[in-house]
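Please look over the model below before reading the briefing that follows.

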Amino acid sequence: MLQTIKQFSQNAYISISSFIRVFMHDERGLSGIVVAILLILVAVLAIVLIWGFLGGWLEELWDDITGNAGGIA
């Protein structure tokens, strides 16, 4: 029983260490991750830019609407 537990822990250590070694040297998915991060960055920057333009336009529009509301009888 003790030998089985010892063997299991050794096998677990070997398999995890080999997985980490292969994972650290495997660069197949790296370019996909970089592309995904760049796309997310561009999308966020585009949303911030559009929000800035629309925010100013909507504020002017709202000021025009509420400025004329006092003159309506």
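**Briefing on the predicted chain**

Thr66 is placed in helix 2, where helices are DSSP runs of H or I with at least four residues, and strands are E runs of at least two, numbered from the N terminus. This is a predicted model, in which local features need pLDDT of at least 70 and side-chain atom pairs count only at pLDDT 80 or more, while totals for chains, interfaces and linings use all residues. Residues are numbered from 1 along each chain as its sequence is written, and side-chain values use heavy atoms, with hydrogens and water left out.

Overall fold and cover
- The chain has two helices and zero strands.
- Buried residues (under 20% relative accessible area; exposed is over 50% and partly exposed lies in between, with a 1.4 Å probe and protein chains only) make up 1% of the 73 residues in the chain.
- Helix 1, residues 2-25, is hardly covered, with one buried residue among its 24.

Helix 2
- Thr66 is partly exposed, at a relative accessible area of 37%, and the Thr66 side chain reaches the backbone oxygen of Trp62 at 2.9 Å.
- Leu61 also lies in helix 2, which spans residues 30-67, and Leu61 is partly exposed, with a relative accessible area of 37%.

Helix 1 length
- Helix 1 reaches 35 Å from its first C-alpha to its last, close to the 34 Å expected at 1.5 Å a residue, the expected span being 1.5 Å times one less than the number of residues.

Key: A polar contact is a pair of N or O atoms within 3.5 Å; within protein, one must be able to donate a hydrogen and the other to accept it, and residues adjacent in sequence count only if both atoms are side-chain atoms.
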